[in-house]
Amino acid sequence: MSKSHLLKYLLISPNLPVGGFCYSEGMESYLQNKNLTDSNSVKDLIISELKIGQIRLDARLLLDFFDIFNEINYRKNLNGNLQKLMSLDKWILSSKDSLEMREQQIQMAKSLFELTKEFGFEYPYENNKKNSWSLAWSWACYCFEITKLEMVENFFYAWSANQLNAALRIIPIGSTKAQLIQRDLLETISKVSKEIMDKEIDDIYFGNIGLAMAQQNHNDLYTKLFRN
């Protein structure tokens, strides 16, 4: 198929089909427990997650998966790279603190694999139907020939947009205010994305803050908010 840089917008479209998921990742539990009711609190929470949250590790794995896909494509160390691919995928999935979080990741990955398949890019490697969101996102970006920096930026943008979507329904903060917050997040997303590009996995620091803590105590992460 003819590739275009505009294909990257399919990954963050609210209609097709990944952006149509509103995965809250404990947002509702955190906001309710902390009794947060204003937009500034929501913005501060998302910025904190972008700067030191676990989402940073998910984003860094995008780059590793992307490089592995490229080496496999050129038949470099095929068996070793396939093993590394599966190992990293299982590792990032198992790092999620709850069964609900893992199921959410698996469901989103499945939907994205289905989308890329419809566009002619069926995932050719071992797929046990329990893949991580990071793996599926990286595969889509690799197939669409999206640059690595854009891949990370779009990943953070889509994640933050879905957090705002969840907050919008919980507080609510109003759609205009949510858009203003998203605008204010762009500088942080750009800065953090470039920072991630320059770091190795072992150098990625993240703290057990905010949403990560909420996830451990919340057993119904997405039943109300999973789809628009």
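Trainee: Leaving aside its neighbours within four places in sequence, which residues is tryptophan 139 in contact with?

Mentor: In this predicted model, and with those sequence neighbours set aside, tryptophan 139 is in contact with Phe69, Phe113, Thr116, Phe121, Glu122, Tyr123, Pro124 and Tyr125. Trp139 also belongs to the largest nonpolar core, a set of 62 residues in which Phe69, Leu85, Trp137, Trp139 and Phe156 touch the most other members.

Trainee: Which helix supplies the largest share of this core?

Mentor: That share, eleven residues, comes from α3, while each of the helices α1, α2, α3, α4, α5, α6, α7 and α8 supplies at least two residues.

Trainee: How should I read the packing of two helices, and at what angle do α5 and α6 pack?

Mentor: Two packed helices are described by the angle between their axes and the distance between the axes. For α5 and α6 the angle is about 20° and the axes lie 8 Å apart, which makes α5 roughly parallel to α6. The crossing of these two helices is left-handed, and among the residues that make the contact are Phe113 and Thr116 of α5 and Trp137 and Trp139 of α6. The residues of this contact divide into ten nonpolar, three polar and no charged.

Trainee: Where α3 and α6 pack, what are the angle and the distance between their axes?

Mentor: Here the angle is about 50°, with the axes 8 Å apart, and α3 and α6 are therefore oblique to each other. Their crossing is right-handed, and the residues that meet include Phe65, Phe66 and Phe69 in α3 and Trp137, Trp139 and Tyr142 in α6. This contact of α3 with α6 divides into ten nonpolar residues, four polar and one charged.

Technical notes
Residues numbered from 1 in each chain as written. Predicted model: local features only at pLDDT ≥ 70, side-chain atom pairs only at ≥ 80, totals over all residues. Heavy atoms only, no water. Core = buried A, V, L, I, M, F, W, Y, C linked by side-chain atoms within 4.5 Å. Buried < 20%, exposed > 50% of the residue type's maximum accessible area, 1.4 Å probe, protein only. Helix = DSSP H or I, 4+ residues; strand = E, 2+ residues; numbered from the N terminus. Contact = heavy atoms within 4.5 Å. Axes fitted to C-alpha atoms, helices over the stretch in contact; angles between N-to-C directions. Parallel < 35°, antiparallel > 145°, perpendicular 65-115°, else oblique. Left-handed = near helix turned anticlockwise from the far one by under 90°. Nonpolar A, V, L, I, M, F, W, Y, C, P; charged D, E, K, R; others polar.
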